[in-house]
Amino acid sequence: MTRRVVRAALLSLVAAAFTVVVLPAAASARPPSARPGTLHLQTVPPLPGVVVKVDGQVARSDARGRLRIRVRDFVGLEKRLVVPETRISPDRKVIFDRFRGNPDAGARGRAVELGLRTARLVSWSFLDRFGNVVPADRVSAMRLRSNTGEIHDLTGAGVAQPRWVSESRTQQGPQGLVSKQLYYVVDSAMVDGTSVVNRAGQKFVPWEQPAWVVQLLFFRVAFTATDMFFTRQVGDGIELTRADGGVERLPFSRDGTAVVPDLPRGTYTITVFGGGVSFGRPVSISKDQEVTLTVISLADMTLVTLAVLVVAVGLILLGRPHLLARLRRAGPAVTADGERRPRSRHRRRWRRPRAGAPPRLPAEDDRSAPLRAGVTLALLAALAVPLLPPAPARADVGHRGDITPQPAAAPVPVLAYYYIWFNPTSWNRAKIDYPLLGRYSSDDIEIMRRHVRMAKSAGINGFLVSWKHSPQLDERLAKLVEVAREEHFRLGIVYQGLDFARTPLAFDTVRTDLTYFATRYATDPVFDIFGRPVVIWTGSDRFTAAQIGATVGGVRGKLLVLGNAKSLEDIESSQGALDGQAYYWSSVDPTAGTSGKKLAEMSRAVHQRGGLWIAPVTPGFDARLVGGKREVPRRSGDTLRASFAAARLSEPDAIGVISWNEFSENTHIEPSERFSAADINVLADLLGVRVDIAVPADSSEPGDGDHWGLSAWAALLVAGAAAVLLPLGVLLQRRRSSPSPPGRTSGTEAGTADQ
């Protein structure tokens with residue numbers, strides 16, 4: 001009995017020990033993710049009011065974007081956790097984007113990052129240049145574009161309504177999730193069929209600014225009409241045809257003007273009604289201006305008709321000298337004392353020529369016919385002079401179809417450094433000046449075409465295009481090549497052998513890029529400046545002659561590879577491994593007088609080695625916004641003149657103008673808001689080209705298209721002259737070709753019969 005009691009007691013102790021020791025140990029062997037716990041989340045960006053649901057529990061983030069929620073376990077939590085789209089404020093909502101890592105890691109007590117995309121309800125209003133409110137219903141359409149490529153096309157009533165737009169997104173950074181704020185630009189705002197904003201010229205960040213103010217380009221324009229010849233004000237008003245085909249009639253006020261205080265930028269067709277004949281005239285509006293139109297009044301048409309009749313009668317009399325003689329004889333003779341002498345009763349008879357004398361020719365074959373023909377031609381020329389359109393005072397190369405004046409023969413090619421790096425957002429940083437063509441993208445082929453035409457008009461023979469092998473730049477270069485081929489323009493390449501940090505690219509990269517270019521373009525006539533395409537390798541001065549030779553040796557037979565030496569030492573170190581040098585020297589002040597000597601010495605060193613020398617010319621320099629330390633003022637063109645003189649004295653094989661459109665360093669000669677077309681006109685003058693460059697205000701301004709023919713009033717004169725002269729010409733021709741009446745013989749026949 002005692003043994004049984006002892007045995008039972010031992011079994012109880014063993015069971016108790018198993019319960020106390022073994023079962024808790026087995027329970028503690030379960031992984032933490034399988035146990036209940038609290039999930040800690042941190043929203044990115046940190047926003048309050050974000051809702052999270054899991055296992056029937058709901059939690060909201062605090063002011064710092066932190067939240068805690070109880071979960072039954074952490075296994076498969078990513079599939080059970082729900083972050084619904086939540087409107088956390090009247091104008092902001094959040095959408096789940098991503099976790100950083102796996103939410104199961106929350107079992108260890110670490111906060112899991114919850115990435116969110118946000119959207120903002122934005123609205124906008126419209127103002128003109130003077131701060132006056134423009135009703136939203138005047139804007140028929142608007143296009144917004146984000147820096148991630150998201151497009152919002154608004155039309156009709158949608159232009160005036162607020163809209164949800166993406167505000168931010170998250171991306172993986174080295175330290176975790178990072179929220180990136182988005183921004184938007186206004187690509188177009190259509191009023192009366194034309195865009196009244198500079199493309200991508202206005203930038204808005206929804207995170208900072210939910211209410212946008214869009215400035216529209218409206219201009220004050222005063223229209224007047226004058227008589228063509230007498231320059232007096234005529235007409236009752238104008239008829240204005242907009243780009244969308246709408247027509248508006250505006251009467252003249254008492255002072256003879258019709259003023260439109262808020263005319264949208266664009267091209268219009270203007271016709272004057274009342275007061276005479278008026279032909280539609282295209283007018284491009286890009287600034288506040290006064291437009292004077294010409295009307296052919298009744299007095300003008302009377303004057304033209306009388307002039308044509310006088311000329312016609314004069315031609316008839318010149319072609320019939322016997323009529324002129326009859327008119328002279330028909331008038332009374334006047335004696336020396338002023339008394340009139342009676343006219344003879346007898347006609348002067350034709351006398352038979354003496355024997356042996358040559359017969360007298362008829363009137364049509366008179367010896368004075370060449371003189372009369374000359375007088376006739378002179379009168380016709382005098383009549384034709386006003387019919388010709390007046391010679392243009394300047395070359396407006398902002399539109400298609402412009403006639404590009406031919407430059408004077410230059411001793412060497414003139415090439416301008418040209419950049420195809422620009423995106424609409426490029427103009428938002430490190431710029432103090434902007435193109436008159438607008439804040440363009442280098443993808444725009446029409447911008448390329450206008451650049452080429454402006455350059456040709458100024459006497460520039462080609463562009464040295466900044467390029468390296470990338471999908472975007474390859475595509476842009478191909479577009480520029482096509483434009484240059486159509487415009488008979490030349491191109492060279494500036495190969496960018498340095499990265500953004502000014503570190504040289506790897507030799508294999510340079511070799512691959514130049515091989516690609518040589519394979520595609522080595523035989524293209526667009527690149528034929530010196531027989532082979534010119535490629536300037538920036539960064540070549542960082543390497544030895546052996547390294548240069550190993551890199552470009554495979555393409556030198558197809559390309560002319562030039563370096564960018566900055567000193568005599570750089571030229572000597574290349575030891576003939578390159579085909580020449582092109583010095584990109586934009587920060588020098590040529591008026592100091594020291595640049596000419598250095599350029600001459602470098603030129604001699606290059607030419608002694610049989611290489612090509614491209615000398616730099618620059619209008620000025622200011623790169624302080626991109627880390628530069630100095631400024632070279634333009635001095636109203638004197639800097640460019642001094643630089644050009646120094647370059648010419650170095651006897652270059654080509655002149656390299658720095659630059660066409662380097663707006664970050666402010667060396668551009670492209671017409672701009674700050675300097676207008678001053679420097680490109682100075683260059684044109686230096687090259688012997690007498691042309692005044694002018695461009696429209698923005699790249700989105702509509703062009704006039706191709707125009708040819710006479711002006712309206714010249715066409716009227718031609719029509720009037722044709723209406724009078726053609727019948728007279730037919731009548732005269734019939735009279736000359738009609739046979740002589742019976743019984744009458746010509747003077748020659750009569751003379752022969754008498755003999």
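Hi everyone, and thanks for coming. Before we start, a word on the ground rules: the model is predicted, so local features need pLDDT of at least 70, side-chain atom pairs count only at pLDDT 80 or more, and totals for chains, interfaces and linings use all residues. Residues are numbered from 1 along each chain as its sequence is written, and side-chain values use heavy atoms, with hydrogens and water left out.

Let's begin with charges. Side chains of opposite charge can pair when their charged atoms come close. For a salt bridge, a side-chain nitrogen of Lys or Arg must be within 4 Å of a carboxyl oxygen of Asp or Glu. How many salt bridges does the structure hold? There are 35.

Here is one of them: glutamate 446 with arginine 449, whose closest N and O atoms are 3.4 Å apart. Both residues belong to helix α6, residues 445-457, and sit 3 residues apart, about one turn of the helix. When I say helix, I mean a DSSP run of H or I with at least four residues; a strand is a run of E with at least two, and both are numbered from the N terminus. Are these two partners buried or exposed, or in between? Buried means under 20% relative accessible area, exposed over 50%, and partly exposed in between, using a 1.4 Å probe and protein chains only. Glutamate 446 is partly exposed, at 23% relative accessibility, while arginine 449 comes out as buried at 12%.

Now look at helix α12, residues 638-649, where aspartate 638 and arginine 641 are 3 residues apart, about one helical turn. Their side chains meet in a salt bridge, at 3.0 Å from N to O. Aspartate 638 is partly exposed at 42%, and arginine 641 is partly exposed at 36%.

Arginine 624 and aspartate 622 also make a salt bridge, with 2.8 Å between N and O. Here arginine 624 is partly exposed at 46%, whereas aspartate 622 is buried at 10%. And if you'd like to see several charges joined up, find Arg138, Asp192, Arg242, Asp244 and Asp262, which are linked in a network of salt bridges.

On to the rings. Rings of Phe, Tyr and Trp (its six-membered ring) pair if their centres lie within 6.5 Å; planes under 30 degrees apart are stacked, over 60 edge-to-face, and the rest tilted. By this rule there are 22 aromatic pairs. Phenylalanine 422 and tyrosine 440 give an edge-to-face pair, 5.9 Å centre to centre with 80° between the planes. Both lie in the loop between β27 (414-419) and α6, so the pair ties together parts that are 18 residues apart in sequence. Phenylalanine 422 and tyrosine 440 are both buried.

Phenylalanine 517 and tyrosine 521 make a tilted pair, at 5.4 Å and 45°. You'll find both in helix α8, residues 507-521, 4 residues apart. Phenylalanine 517 is buried at 0% relative accessibility, and tyrosine 521 is buried at 4%. Ring pairs also link these two with Trp467, Tyr495, Tyr516 and Phe527 into a cluster.

Which residues have the most contacts inside the largest nonpolar core? They are Phe463, Leu491 and Trp660, and this core has 93 residues. (A nonpolar core is a set of buried Ala, Val, Leu, Ile, Met, Phe, Trp, Tyr and Cys residues joined through side-chain atoms within 4.5 Å.) Contact itself means heavy atoms within 4.5 Å. Leaving aside neighbours within four places in sequence, phenylalanine 463 is in contact with residues including Ala416, Phe489, Leu491 and Trp660.

Finally, two residues in strands. Arginine 145 sits in strand β9, residues 141-146. Its side chain makes a polar contact of 2.6 Å with the side chain of aspartate 187. A polar contact is a pair of N or O atoms within 3.5 Å; within protein, one must be able to donate a hydrogen and the other to accept it, and residues adjacent in sequence count only if both atoms are side-chain atoms.

Threonine 224, in strand β17, residues 218-227, is buried at 15%. Its side chain and that of threonine 292 are joined by a polar contact of 3.2 Å.
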